[in-house]
Amino acid sequence: MPLSVEDQLAIQQLYARYNHAIDSGDGAAWAACFTPDGTFSSATGTFTGRDQLQGFGAAFATRMKARHWTNNLVLEGDADAARGSCYLMLLRLTPGEQPPASILVTAIYRDELRRTADGWKFASRTVVGDS
């Protein structure tokens, strides 16, 4: 059975919670967007499991003030597992400067998602940079 509308909306909310958590430095909330054995891979490295993910999520906001902006989400899957991809634009915020934000990175997220007892989670998330 293909993804229901309810599943698609729940996954969209997962993507939004992920962005809010990483931008605010809430490592626990960011790690909670992944399965316990989940993996995040980017140019920064690969982080697997709740402890590594929580550490990365908490440290992100100490390195820079940023906003993750995602769009053009495409989902395929069924009631238990899905693949997702979306465009990413990472904005570096520079308070007091004009303009107050600049594009730091553009990329595509490639995601594997699983339904868990706690709802949809990322099993793996890979950032594929445009440069």
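Q: What volume does the second largest pocket have?
A: The second largest pocket has about 200 Å³, where a pocket is an open set of points on a 1 Å grid over the protein atoms alone at which a 1.4 Å probe fits, with protein on both sides within 12 Å along at least five of seven lines, and a volume is the space filled by probe spheres set on the points, which are joined across faces, edges and corners. This is a predicted model, in which local features need pLDDT of at least 70 and side-chain atom pairs count only at pLDDT 80 or more, while totals for chains, interfaces and linings use all residues. Residues are numbered from 1 along each chain as its sequence is written, and side-chain values use heavy atoms, with hydrogens and water left out.

Q: Which residues are closest to its centre?
A: Of the 14 residues lining the second largest pocket, Gln12, Tyr15, Ala16, Asn19 and Thr70 are the closest to its centre; a lining residue has an atom within 4 Å of a point.

Q: And which element gives the largest share of that lining?
A: Helix 1 does, with 7 residues; helices (H or I, at least four residues) and strands (E, at least two) are DSSP runs numbered from the N terminus.

Q: OK, what about the largest pocket, how much space is in there?
A: The largest pocket holds about 400 Å³, and among its 23 lining residues Ser42, Thr44, Leu90, Val105 and Val127 lie nearest the centre. Strand 5 gives the most to this lining, with 5 residues.

Q: Switching to rings, how many aromatic pairs are there?
A: The structure holds 12 aromatic pairs, counted for rings of Phe, Tyr and Trp (its six-membered ring) with centres within 6.5 Å, where planes under 30 degrees apart are stacked, over 60 edge-to-face and the rest tilted. In one of them, tyrosine 18 and tryptophan 30 have ring centres 5.5 Å apart and planes at 50 degrees, so the pair is tilted.

Q: Where do those two residues lie?
A: Tyrosine 18 is in helix 1 (residues 5-24) and tryptophan 30 in helix 2 (residues 27-31), so the contact ties together parts 12 residues apart in sequence.

Q: Is tyrosine 18 buried or exposed?
A: Tyrosine 18 is buried, at 1% relative accessible area, given that buried means under 20%, exposed over 50% and partly exposed in between (1.4 Å probe, protein chains only).

Q: What lies over the face of tyrosine 18?
A: Arginine 125 does, at 4.3 Å from the ring centre, the criterion being NZ of Lys or CZ of Arg within 6 Å of the ring centre and within 35 degrees of the ring normal.
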